[in-house]
Amino acid sequence: MKKTKILFVCTGNTCRSPMAEIILKNKLKLAGITDIQVKSAGISTENGQKISVNSRKALKALGLNAYSFRSTQLTRSMLEKSDLVICMTERHKTTLSGYSNVLSISEITKGADVLDPYGQDLKVYIKTSHQIEDACNIILQKILQQKGEE
């Protein structure tokens with residue numbers, strides 16, 4: 001069975017998109033959904049960067065572990081092999097124009113972009129993690145609806 005591939009994208013792949021990857025993976029696991037693969041990447045990063053300290057702490061506050069996450073530079077191949085690419089902002093989506101499988105998180109949630117918490121205090125990261133968790137709840141609902149489980 002072919003797995004559906006979801007890719008979250010932000011700028012550096014050390015704050016927002018890794019939180020989204022980890023949160024959605026956990027929600028899918030709890031829902032018993034095993035045919036969806038979730039990854040993340042950054043438009044402007046270096047491979048192998050650790051997740052930011054405050055992202056790790058924000059995930060821990062949600063009861064989640066950032067495991068040994070390392071950043072990944074976005075490639076054309078990743079875009080082409082993904083069934084759905086979810087960008088944290090409209091600006092990221094614009095950067096990736098030309099791919100029909102790219103949406104912004106605000107398009108999915110009918111809400112706002114996920115603003116970059118980079119360099120800010122833990123409160124901002126926690127607020128960002130809650131925004132991402134809310135978005136992942138909506139994504140999970142859409143997945144369950146498509147599977148006819150809602």
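**Figure 1. Helix H6 gives the most to the lining of the largest pocket, with four residues.** The model shown is predicted. The pocket holds about 290 Å³ of space. Strand S1 (4-10), strand S3 (84-87) and helix H6 (122-146) each supply at least two of the lining residues.

**Figure 2. The lining of the largest pocket has eight nonpolar, two polar and two charged residues.** Residues that line the largest pocket are Thr4, Ile6, Ile36, Leu84, Ile86, Leu103, Ile108, Ile139, Lys142, Ile143, Gln146 and Lys147.

**Figure 3. Helix H6 runs over 25 residues.** From its first C-alpha to its last, H6 reaches 36 Å, close to the 36 Å expected at 1.5 Å a residue. Just after H6 comes Gly148, with a positive phi of about 75°.

**Figure 4. Buried residues of H6 and the elements they pack against.** The buried residues of this helix are Tyr125, Thr128, Ser129, Ile132, Ala135, Cys136, Ile139, Leu140, Ile143 and Leu144. Their packing partners are S1, helix H1 (16-30), strand S2 (36-42), helix H2 (53-61), S3 and helix H5 (105-109). Ile139 and Ile143, both buried in H6, also belong to the lining of the largest pocket.

**Figure 5. Asp35 lies in the loop between H1 and S2.** Asp35 counts as buried because its relative accessibility is 16%, and buried means under 20%. The side chains of Asp35 and Lys147 make a polar contact (2.7 Å). Leaving out residues up to four places away in sequence, Asp35 touches Met1, Lys2, Lys3, Thr4 and Lys147. Thr4 and Lys147 are also among the residues that line the largest pocket.

Methods
Residues numbered from 1 in each chain as written. Predicted model: local features only at pLDDT ≥ 70, side-chain atom pairs only at ≥ 80, totals over all residues. Heavy atoms only, no water. 1 Å grid on protein atoms, 1.4 Å probe; cavity = no way out; pocket = protein on both sides within 12 Å on 5 of 7 lines; lining within 4 Å. Points joined across faces, edges and corners; volume = space filled by probe spheres on them. Nonpolar A, V, L, I, M, F, W, Y, C, P; charged D, E, K, R; others polar. Expected span 1.5 Å × (residues − 1). Buried < 20%, exposed > 50% of the residue type's maximum accessible area, 1.4 Å probe, protein only. Contact = heavy atoms within 4.5 Å. Polar contact = N/O pair within 3.5 Å; in protein donor to acceptor, adjacent residues only side chain to side chain.
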